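Here are my notes on the model you sent. They are set out as numbered points, from the overall layout down to single residues.

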Amino acid sequence: MNILYVVAHPDDEVLGAGATIHKLINEGHKVAVATLVSSAGARKDLSNTLSEDQAKAFEIMGVSRAYGADFPNIQMNTVPHLQLVQFIG
């Protein structure tokens, strides 16, 4: 089965479902991750290597494919719904 896990920020996939993603991959499923915001600017002490950290986590978990967008952080309600659907779809 192909599974797409959609998250707002880098590291949300690990914190929210890292173990589940790893388990699904070990069961033979293909898991991809779509990240809607390229940074998490509202977070205190944000890592300067967030995208590299995310790539390493994907490698450890076995994520087969990653998609990244640059929608505005903490302002997803300002993004037209169609733009989000077109990115995810």
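**Notes on the predicted model**

1. Along the sequence, the elements of the protein come in the order β-α-β-α-β-α. That gives three helices and three strands. The model is predicted, and the points below should be read with that in mind.

2. Of the 89 residues in the protein, 31% are buried. Among contacts with a separation of 6 or more, 77% are between residues 24 or more positions apart. The protein exposes about 5,800 Å², and carbon and sulfur atoms supply 55% of that area.

3. Helix α1 covers residues 12–26. Its 15 residues, at 1.5 Å a residue, should span 21 Å, and the end C-alpha atoms are 20 Å apart, so the two values agree. The end-to-end figure should be read together with the local geometry: α1 bends by about 75° at Gly 18. I would look at both values when inspecting this helix.

4. Which residues of α1 are buried? They are Asp 12, Glu 13, Ala 17, Gly 18, Ile 21 and Ile 25. An α-helix has 3.6 residues a turn, so residues three or four places apart point the same way. The buried residues of α1 pack against strand β1 (2–7), strand β2 (30–35) and helix α2 (50–61).

5. Asp 11 is not a glycine, yet its phi is positive, about 90°. This residue sits in the loop between β1 and α1.

6. How many salt bridges does a search of the whole structure find? The search finds one. It joins the side chains of Glu 27 and Lys 23, at 4.0 Å from N to O. Side chains of opposite charge can pair when their charged atoms come close. The cut-off for a salt bridge is 4 Å, and the pair is listed at 4.0 Å. Lys 23 is exposed, with a relative accessible area of 51%, while Glu 27 is partly exposed at 48%. The two labels differ because exposed means over 50%.

7. Ser 64 lies in the loop between α2 and β3. Its relative accessibility is 49%, so it counts as partly exposed. Beyond its neighbours within four places in sequence, Ser 64 is in contact with Lys 30, Val 31 and Ala 32. Ser 64 and Ile 25 are 39 residues apart in sequence, and their C-alpha atoms are 8.8 Å apart in space.

8. Which residues make the nonpolar surface patch of about 300 Å²? Leu 4, Val 6, Tyr 67 and Ile 88 make it. Tyr 67 belongs to strand β3, which covers residues 65–68. This tyrosine is partly exposed, with a relative accessible area of 35%.

Notes: Residues numbered from 1 in each chain as written. Predicted model: local features only at pLDDT ≥ 70, side-chain atom pairs only at ≥ 80, totals over all residues. Heavy atoms only, no water. Helix = DSSP H or I, 4+ residues; strand = E, 2+ residues; numbered from the N terminus. Expected span 1.5 Å × (residues − 1). Bend = angle between axes of the 7 residues up to and from the residue. Buried < 20%, exposed > 50% of the residue type's maximum accessible area, 1.4 Å probe, protein only. Contact = heavy atoms within 4.5 Å. Patch = residues over 30% accessible without salt bridge, like charges linked within 9 Å, V, L, I, M, F, W, Y side chains within 5 Å. Areas by Shrake-Rupley, 256 points an atom, 1.4 Å probe, with all protein chains shown as cover.
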